[in-house]
Structures are given as structure tokens and as C-alpha cells.
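Keep the sequence and the model open as you read.

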Amino acid sequence: MPRATWTWTFDLPPGELWPVLADTNRFNEAMGLPPYVLEETPQANGTVLRRGRGKAAGFALEWEEKPYEWTEGRHFAQSREFTRGPFRRFGPVFDLEPIDLGRGKVGSRVSYALEYEPLTLTGRLFGARLAKQAGGIVEKRILEAVAFAKGDRPTWFDLKPPELPAGARERAAALAAEVDRSPYGNGLGQRLADLVLTGMATDLGHIKPRKLARELGVAPRAAIEACLAATRAGLLAMKWDLLCTNCRGAKLTVSALSELPRGAHCPSCNIDYDRDFEKNVELSFAPAPAVRPLAVGGFCLSGPMATPHVRVQVLLQPGETKSASVTLPAGAYRLRTLHPGGFVDIDHDPQQAGGGFPGLRVSATGVEAMPAGPPGTVAFANEAGFEVAALIEDRTWTRDALTAPEAVSLQAFRDLFAEATLRPGDEAGVSHVALLFSDLRGSTALYERIGDAAAFNMVREHFALLAAIVRDHDGAVVKTIGDAVMAAFGDPADAVRAAFEMQRRIADHELVLKLGVHAGPSVMVTLNDRLDYFGSTVNMAARLQGQAEGGDIVLSRAVAEDPAVQPLLAGLSSRKESVLLKGFTDPIGFVRLLPAAAV
């Protein structure tokens, strides 16, 4: 098959170049290729036939999209098989290898090739020229991207501004000012507007606030709050993504929490999957269409960075065996195929069993692990009787995702989207939430001593103080009950820090606060038209608060023994106690932090 090849040498190691140069979706957008969608048709053997159509360089194209092959940090390749257009086959082959630059410095040799097989007379006559033209564009973009990776330029590529609706810039400026007027805008309104107006579509389809925070150089909560404020203002739109548990792509997206179904179907993986609020329900954002409409589809739908948790993926013909040169670090991995066919989980420790990684065999009955080969090589074998894509993936889910429980436990979400609830009768299990309950000691006497109006103002100020402290510690006020507050936190350590701060600052208000903190599993439900928590963890937290005497903090054993909490308690005066609480059969142990420790 004819091939055109380009080679470069860079003074960055492969680990720094791979996430830049393997981002095929971004590169295709930068090259001016149009977005496309795939028609995905399940086959009798469980695999999926993916067909696409589009237009490039003036040619109408139709093709079968074969799965990419890649080894993370080293290699990727793909071939499209066309039924319409100048080529029968066309695709890239990318290789990345380390080179010794001397004095302990490692660089990279990058090789990029375009393989093509003509289909028509045009392809035969002009194939080499077309490949050379495409390669020239790729070279320009590679050099720009590497300069960006080195910090020599502020953006990935030199691109012409996107086409915007009439009045979009003026509209975005007004909305940015509204974001900055919000208590949750954090001064990021204009920067969000600039992203929406000038960013690549690759970065805008699913804006992840934690990733955005790193890019903007701000704290994660600041970016999350700003995105929520921008959604309320109308600059951004909220997207609740139900991620496929295999490919982790957003195969179903809704605009409201109440619209989330209990499961979905992934046409790419040909599987049905369930909803897990803590794992595969993610809140992301996109530009509001009135400011920056995005085309449907992607510029490359199956490249390595589309599923970055996949470390190795190979395409195997019936009866074929292959080996991949890869050294995988210690971790939790899964061996499986792209189509449904079972899986094998591997807990890999290169310090054991000679350091090798098990191979993967695909048969008619599923997937099985083969004995580990020599270190640095993984074997693959296809005995299934049809073409399969086999892969090794990291079982760890990325922490860039803003999950549903994390989002609804933020004060900004509660304040800006109080109407956001689950559908009637729906509920969501949460495996771990930290709940803080507060109450005022002697509030009845306070009303009698200083009068209703003055006491009410003091109580209202106390609510505002506690709410601000909860927000500052990445929590949310779930509700108030009389003089009491119920707050939720994703991390028990944040709840304990908030409790310390509450006791420290409430003394200035001449009030005495009783606090209790507990953490555990709970159920998220819609109650009284708002999101609430239900279950024994809630009951325990409330009962423990009832054991507080005032000025102290009562922690459940689960909270006090949490590894992130224990350093906070070092050197503090405390007392272990136990009590029989209403609704619980056995005595409940807890730790009381004495008032001197909380001040």
C-alpha cells in the first residue's frame, strides 16, 4: 500500500507529547475536517458495524470506520475502508519513540505516515499529491501543538475565528457581566465568555469544570461555581451525562436532573448499562446555542484520547496473534473486547511474577487471560472466528468528572438551582456523604431575653454565617429546621473543618452552637420540592447533634477514625463516649471534642 511519511525530532519525552499528538479529534478540527456522526449497526456476532459519511477536499465520502489501534505513549493507527471517494483505504500511522539527548535528557522521535489505496482514477492519478497535501497540514499542526506543549505559544493552533450568530459577542459580554455580578461568578465571567467565543469545539462540547480550573489556574470550586453561575445567566448550558460503563462516553445527555433515566444503551459498545450517580452520572457544560452553537458529531470519534483509560487496543483478524510493546505500571486493569463478550480483571504488580503482564485471548465463549510473557510485551490472540478489537483498560475512573452527588452537595448548586430535583418516585443511592447538624442552645431563652425581633435577626445572621462557612468548605446547606441546619459534604474532613470554623466564629455572635457530624451511605430523594437525604446516616447525624452540650463537637466513630480527619484531631481535647440513641438497637460510640478544642 502506498505510504507518505514524515519524521521529526523533539526535545520533549514521549509521555509529554502523547496526550498532545494523540488527540486526533482536536487535530482533525484544526485541519478543517467537518464533524460527522456514525451509523452504528449491531451484528449477529455482537460486534458493531460503524459507517460514516461526509465531505472533505471537495469529495463526497462514505466509509466503514474501523477501530483505532494504539499503545499508549508509543503508537496509533487507523484505516477507513471507503465505498465512495478517491481511496479504497486511507488512514494514519503514528509512532513515538524515546531518544537520548545526552546529559540525562530524553527527547522523542515522531513518525507520521499516511497509508492509502486508490479506489478511483482520481485516487490513482492524484493519490500521492493528496496525501502530501494532507501531510503538510498535519506537519504544520504538529509543530504548533509541540510548541504549545513546550509553553512557547498560548494556544494549540493558529485558527481562524469561529462563525458566530449575529450579536453573539455583545450577548456574551452582557452575560459575562451578569456572571461577575453573581456571588458565585468568582471574577471568571469574561474568561468563560472568551472560551465560549474563541475556544475549539473539541473543548466546548463537554466542559469539565475541574479540567477548566487547571487551565484557568483557579481552585476547582471557583470554576465549578462560575460554570453554574454562567448557566444561570444563560452563557452556558447544563448537561447531565449518563456515561457508558465501558467506553465512558456520554451516550445519553439531558438538560435536567429530573430527566435522567435509570439506564441507557450504548450503540458503540452494544450494551445496556445502569445509572450509578456516584460513578457514571457527570455534570458538564456547553455554550448556550444563542452564543455559540456547536455542530452535531465529532471530528474523530474513536481516537486514543476519546477513551484515555484504554492503554492498549489492537484489531485482530480471525486466527491472528499480535504482541504489543508496553510496560504497564502497577494498577487495576481489565481485559475485554469492544463488543460484549465478558472481561477479566487484573490487579497488576510488576514486582511479582517476573514483572510480565497477562496476555488476552478472545474465543467464541468470551475473553480469557493468557500467561504473562516477558516484561514489556503483551500478547493478544483471536480465536473467535471473526474480526475483534481487544483492549486493556485502566479500571480507575477519572477524577475530572463532577459527579451528581458532588454537584448537589455544593452550596452554589443548591442556591442557583433549587428547583433541580429527581423525578417523582426516583431515588439515588450515595455510598458516602458527610452530614453536619447544628442547633442553637438556649434559643427559647434568647427570644424571651432580648425580644422576638432582635432574636430573630441574630438567628438569621447565624444562618448566613453557617451557610458561608459551609460553602467555604465545599459543602451545601440541605435545609434548615427551626434554629437547626443540616449540611452535606463530600469529604468528612471538610465537614469537621467547617465545624471547627463554626464554633470559632459563632462566639462573636454571643450564641452557643451544638454540632454533630456523621458520615455513611444515604439515599438522595426529592422531598418538599428539593433534594434531600434519607436513611440511617441522616438519623444518626441528627441524634449525635442532640448529644452535644454546646460549644463542643460530637463526631461519630466513623468520622473520627477517617484517615483524613485523624490529623485534624491531633492534640485536641476529646472524650470517647457511648449512648443508646433512639432508633438504634445497640449503644452508639462517639467522640466529643471539648469546647476548648473547638475554639
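**Questions on the fold**

Q: Between which helices is the loop that holds Asn186?
A: This is a predicted model. In it, Asn186 lies in a loop. That loop runs between α4 (168-181) and α5 (189-198).

Q: What is the phi of Asn186, and is the residue buried, partly exposed or exposed?
A: Most residues other than glycine have a negative phi. Asn186 is not a glycine, yet its phi is positive, near 55°. Its relative accessible area is 35%, which lies between the 20% and 50% cut-offs. Asn186 therefore counts as partly exposed.

Q: How far apart are the C-alpha atoms of Ala174 and Gln190?
A: Ala174 is found in helix α4. At 46% relative accessibility, Ala174 counts as partly exposed. Gln190 is 16 residues away along the chain. The C-alpha atoms of Ala174 and Gln190 are separated by 9.5 Å.

Q: Where is Arg103, and what is its phi?
A: Arg103 is found in the loop between β8 (87-102) and β9 (105-118). It is exposed, with a relative accessible area of 91%. Arg103 is not a glycine, but its phi is positive. The value is about 55°.

Q: Which residues form a nonpolar patch on the surface with Leu121?
A: Leu121 is found in helix α3 (residues 121-149). It is exposed, because its relative accessible area of 51% is over the 50% cut-off. The patch has about 300 Å² of accessible area in total.

Q: Is His348 buried or exposed?
A: His348 lies in strand β18 (residues 343-348). Its relative accessible area is 7%. Buried means under 20%, so His348 is buried.

Q: Which residue has its backbone oxygen 3.3 Å from a polar atom of the His348 side chain?
A: Leave aside the neighbours of His348 within four places in sequence. His348 is then in contact with Leu328, Pro329, Ala330, Gly331, Tyr333, Gly355, Gly356 and Phe357. One of these supplies the backbone oxygen at 3.3 Å. That residue is Leu328.

Q: What does Tyr533 touch?
A: Residues up to four places away in sequence are not counted. Among the residues Tyr533 touches are Val408, Ser409 and Arg414. Others include Val433, Val478, Met486 and Leu435.

Q: What share of the protein's residues counts as buried?
A: The protein has 17 helices and 30 strands. Its C-alpha trace spans about 95 × 60 × 55 Å along the principal axes. Of its 599 residues, the buried share is 51%.

Q: What part of the accessible surface belongs to carbon and sulfur atoms?
A: The accessible surface of the protein comes to about 26,900 Å². The part that belongs to carbon and sulfur atoms is 52%.

Notes:
Residues numbered from 1 in each chain as written. Predicted model: local features only at pLDDT ≥ 70, side-chain atom pairs only at ≥ 80, totals over all residues. Heavy atoms only, no water. Patch = residues over 30% accessible without salt bridge, like charges linked within 9 Å, V, L, I, M, F, W, Y side chains within 5 Å. Areas by Shrake-Rupley, 256 points an atom, 1.4 Å probe, with all protein chains shown as cover. Salt bridge = Lys/Arg side-chain N within 4 Å of Asp/Glu carboxyl O. Helix = DSSP H or I, 4+ residues; strand = E, 2+ residues; numbered from the N terminus. Buried < 20%, exposed > 50% of the residue type's maximum accessible area, 1.4 Å probe, protein only. Polar contact = N/O pair within 3.5 Å; in protein donor to acceptor, adjacent residues only side chain to side chain. Contact = heavy atoms within 4.5 Å.
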